[in-house]
Amino acid sequence: MKKTLKSIAINYGLYLGALLALLTIVAYGVNLGLLTNMWYGIFILIAIIVFGIISVAKTKQNQDGYASFKESFTSYFITVLIGLLVSTVVSYLLFNFIDPDAAEVLKEKTIEKTVEMLEGFNTPNEVIAESVEQIESQNQYSLGNIFKGLAGYLVLFSIIGLIVAAAMKKSKPDTE
């Protein structure tokens, strides 16, 4: 019996969510600074895209090598959505309930990285001070900020998903 597109996408979304949650927990346990590391972020972005592509490929394979643009994008989007939701819930619980102090440490590390980056671009001190003040005034892990971040990631990954779907679609030939 063949799996449905949704079951494939949900499974890969759960695998992605588990990977992202595991990476967050490991980074939390080993060194919170990893969560502000550029290379860690790039690895996360690549992992999300790869899981989306694998989901599309498995959907296509399950349908005898054919998947429309809509099916390809749907498979990609569901996978990414579920993965990000799982990761977001884990981060929310970790930094709001399990260890709220870690959120403050992470905020300080974010400020350090931001200042370092802005100084590297020779940004005026007034702009740096404004940026630091803005970061300090926000709770990165409030529900509102988490949903804003999730929405932003979904927009970014949807654009990438449209490209992936266009590249991987393969329509069934008309049979007469």
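Reader: Which element gives the most to the lining of the second largest pocket?
Author: That is α4, with 4 residues. Helices here are DSSP runs of H or I with at least four residues, and strands are E runs of at least two, numbered from the N terminus. This is a predicted model, where local features need pLDDT of at least 70 and side-chain atom pairs count only at pLDDT 80 or more, while totals for chains, interfaces and linings use all residues. Residues are numbered from 1 along each chain as its sequence is written, and side-chain values use heavy atoms, without hydrogens and water.

Reader: Thanks! Which residues line the second largest pocket?
Author: Its lining is made of Thr36, Asn37, Met38, Trp39, Lys113, Thr114, Glu116 and Met117. The elements giving two or more residues to that lining are α2 and α4. A pocket is an open set of points on a 1 Å grid over the protein atoms alone, where a 1.4 Å probe fits, with protein on both sides within 12 Å along at least five of seven lines; lining residues have an atom within 4 Å of a point.

Reader: And what volume does the second largest pocket have?
Author: About 190 Å³, counted as the space filled by probe spheres set on the points, with grid points joined across faces, edges and corners.

Reader: How much space lies in the largest pocket, then?
Author: About 1,200 Å³. It is lined by 32 residues, and the closest to its centre are Leu35, Leu106, Gln140, Tyr141 and Tyr153. α1 (5-30), α2 (38-62), α3 (69-98), α4 (100-120) and α6 (143-168) each supply at least two lining residues.

Reader: How do the residues of that lining divide?
Author: Into 17 nonpolar, 13 polar and 2 charged for the largest pocket. Nonpolar covers Ala, Val, Leu, Ile, Met, Phe, Trp, Tyr, Cys and Pro, charged covers Asp, Glu, Lys and Arg, and the others, Gly among them, are polar.

Reader: Switching topic: how many helices and strands are there?
Author: The protein has 6 helices and 0 strands.

Reader: At what angle do α1 and α3 cross?
Author: Roughly 30°, and their axes come within 7 Å. So α1 is roughly parallel to α3, a label for angles under 35 degrees. Axes are lines fitted to C-alpha atoms, for helices over the stretch in contact, with angles from 0 to 180 degrees between N-to-C directions.

Reader: Last one: what does the C-alpha trace span?
Author: About 70 × 35 × 25 Å along its principal axes.

Terms used
Angles under 35 degrees count as roughly parallel, over 145 as roughly antiparallel, 65 to 115 as roughly perpendicular and the rest as oblique.
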